[in-house]
Number of protein chains: 2
Amino acid sequence: MSLFDIFFNKKKTTAGVAKERLQIILAHERNIDDDGNIKANNPEWLSQLQNELIEVIAKYTKINADDLKVHLEKRDNIDLLEINVTLPEIK
Amino acid sequence: MSLFDIFFNKKKTTAGVAKERLQIILAHERNIDDDGNIKANNPEWLSQLQNELIEVIAKYTKINADDLKVHLEKRDNIDLLEINVTLPEIK
């Protein structure tokens, strides 16, 4: 199953709700060494990258960065950033 | 099943391949009117937003924008942009 199928199936359940939406996912998978340990490589640049992505999205959607729904999750060696935006209706 | 589970399950199958990776998904769901028609609302700003996201990612990963694997898919009222980056190993 592709990521596209997942998006598609998820969205199907919300049919009828005629909103224009953007969803952005940033997944960061870190190195694992030969012993199965995660390399403690969580550089400053990743949070800077996340902030800059949020700024770009806020600029284009004309929504305050503070109003974007940002969700961060960590599991094992994967960090996942999810941003959800419901766009203002265009008249 | 959350998007996180999907990422997590997908990545599990590549365990042992010790690469550091970034994956970025941008999904755009357009309006559907009461008759089930997609509103022909595909503004210029969305491709500009996509380009700017790619530039930001290229800047932070120090990879040429041309070298990023970018995949675009459309189905019904959803456009999906997928960017995959394998990060250079940090010495």
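Where in chain A is the place of A:R30? In this predicted model, A:R30 lies in the loop between β1 and α2 (44-61) of chain A. This report describes the chain as a whole and then turns to selected residues.

**Overall build of chain A**

The secondary structure of chain A consists of two helices and three strands. Along the sequence, these elements follow the pattern α-β-α-β-β. Chain A has 91 residues, and 46% of them are buried. The chain exposes about 5200 Å², of which carbon and sulfur atoms supply 47%. Among contacts in chain A between residues at least 6 apart in sequence, 55% join residues at least 24 apart.

**The hairpin of β2 and β3**

Strand β2 (residues 69-75) and strand β3 (residues 78-86) of chain A pair in the antiparallel sense, with seven bridges between them. Together β2(A) and β3(A) form a hairpin, and two residues separate the strands. In the turn, A:D76 has a positive phi of about 50°. The bridge partner of A:K74 in β3(A) is A:D79. The side chain of A:D79 also takes part in a polar contact with the side chain of A:R30, at 3.2 Å.

Is A:R30 buried or exposed? A:R30 counts as buried because its relative accessible area of 12% falls under the cut-off of 20%.

A:E20 is found in another setting, the loop between α1 (3-12) and β1 (21-29) of chain A. A:E20 is buried yet has no salt bridge.

| Side chain | Partner side chain | Distance |
|---|---|---|
| A:R30 | A:D79 | 3.2 Å |

**A residue in helix α2 of chain B**

B:A58 is part of helix α2 (residues 44-61) of chain B. B:A58 is classed as buried because its relative accessible area is 10%, which is under 20%. Leaving aside residues up to four places away in sequence, B:A58 touches B:I63, B:N64, B:A65 and B:L68. B:A58 and B:S47 are eleven residues apart in sequence, and their C-alpha atoms are 16 Å apart in space.

Technical notes
Residues numbered from 1 in each chain as written. Chains lettered and ligands numbered in written order. Predicted model: local features only at pLDDT ≥ 70, side-chain atom pairs only at ≥ 80, totals over all residues. Heavy atoms only, no water. Pairing = 2+ DSSP bridges. Helix = DSSP H or I, 4+ residues; strand = E, 2+ residues; numbered from the N terminus. Buried < 20%, exposed > 50% of the residue type's maximum accessible area, 1.4 Å probe, protein only. Lys, Arg positive; Asp, Glu negative; His and termini not counted. Salt bridge = Lys/Arg side-chain N within 4 Å of Asp/Glu carboxyl O. Contact = heavy atoms within 4.5 Å. Areas by Shrake-Rupley, 256 points an atom, 1.4 Å probe, with all protein chains shown as cover. Polar contact = N/O pair within 3.5 Å; in protein donor to acceptor, adjacent residues only side chain to side chain.
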